[in-house]
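Please consult the sequence and the structure while reading.

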Amino acid sequence: METYPDAHCELDFRDPLELLVATILSAQCTDKRVNMVTPILFAKYQTAEDYAGADRAEMEDIIRSTGFYRAKTNSIIGMAQVLCDRHGGEVPGRLKDLVTLPGVGRKTANVVLGNAFGVPGITVDTHFQRLTHRFGWTAETDPVKIEQVVAELIPKRDWTMMSHRLIWHGRRICHARRPACGVCPLAALCPSYGIGPTDPVQAAKLVRPGPFS
């Protein structure tokens with residue numbers, strides 16, 4: 001999509017472990033908030049061994065503002081312990097291994113595969129799901145079934161970038177409540193055109209610029 005030529009993962013990371021931790025933290029939290037927390041977290045914990053042996057109270061204090069901090073601390077420490085026990089402290093590059101880690105489902109696994117390992121993956125978050133419905137690609141609500149349907153529609157080589165572009169479009173223009181239909185670059189192709197304001201002036205006021213939450 002020419003509209004988002006620079007679409008990318010909006011979580012800050014330097015390696016697969018940092019992306020895995022950041023993605024766990026992003027559950028029910030904005031990427032912007034996660035990116036405010038992770039510099040402190042990544043400075044303190046740099047290896048799987050560091051996370052596995054972390055003081056729970058200290059980690060909870062660092063990530064508290066991301067919400068659900070106790071559960072996320074459990075997931076991060078548990079995930080790191082499994083990495084140490086089964087994978088030599090390294091993040092595995094296979095979906096079937098990633099989804100066995102505490103706190104890691106298919107969405108998180110595909111984020112890590114696509115952005116840290118260059119393995120094509122489809123990331124079905126709330127934005128992605130909403131747009132597949134509005135585009136008429138599928139009526140499925142189960143993320144795994146949505147992933148399967150989209151995998152049949154889109155060439156595998158494009159899965160990761162397509163995920164980024166749909167998520168960016170959902171965050172910036174095709175909002176859940178009032179999509180900015182009047183300035184949408186996909187208006188001519190979208191079967192849902194008109195569910196939001198079609199007047200360009202009104203619609204322009206709804207556009208949310210990035211970098212993003």
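Tyr4 is buried, at a relative accessible area of 7%, where buried means under 20%, exposed over 50% and partly exposed in between (1.4 Å probe, protein chains only). The model is a predicted one, in which local features need pLDDT of at least 70, side-chain atom pairs count only at pLDDT 80 or more, and totals for chains, interfaces and linings use all residues. Residues are numbered from 1 along each chain as its sequence is written, and side-chain values use heavy atoms, with hydrogens and water left out.

Three aromatic pairs are present in the structure. In one of them, the ring centres of Tyr4 and Trp168 are 6.3 Å apart and the planes meet at 70°, so this pair is edge-to-face; rings of Phe, Tyr and Trp (its six-membered ring) pair if their centres lie within 6.5 Å, and planes under 30 degrees apart count as stacked, over 60 as edge-to-face and the rest as tilted. The pair connects distant parts of the chain, 164 residues apart: Tyr4 belongs to the segment before α1 (16–25), and Trp168 to helix α10 (residues 159–172). Helices are DSSP runs (H or I, at least four residues), numbered from the N terminus. Trp168 is also buried, with a relative accessible area of 11%.

Arg172 lies over the face of Trp168, and Arg64 over that of Tyr69. The criterion is CZ of Arg (or NZ of Lys) within 6 Å of the ring centre and within 35 degrees of the ring normal.

| Charge | Ring | Distance from ring centre |
|---|---|---|
| Arg172 | Trp168 | 3.9 Å |
| Arg64 | Tyr69 | 4.4 Å |

Most residues other than glycine have a negative phi. Gln28, however, has a positive phi of about 55°; this residue lies in the loop between α1 and α2 (31–44) and is exposed at 70% relative accessibility.

Technical notes. Helix = DSSP H or I, 4+ residues; strand = E, 2+ residues; numbered from the N terminus.
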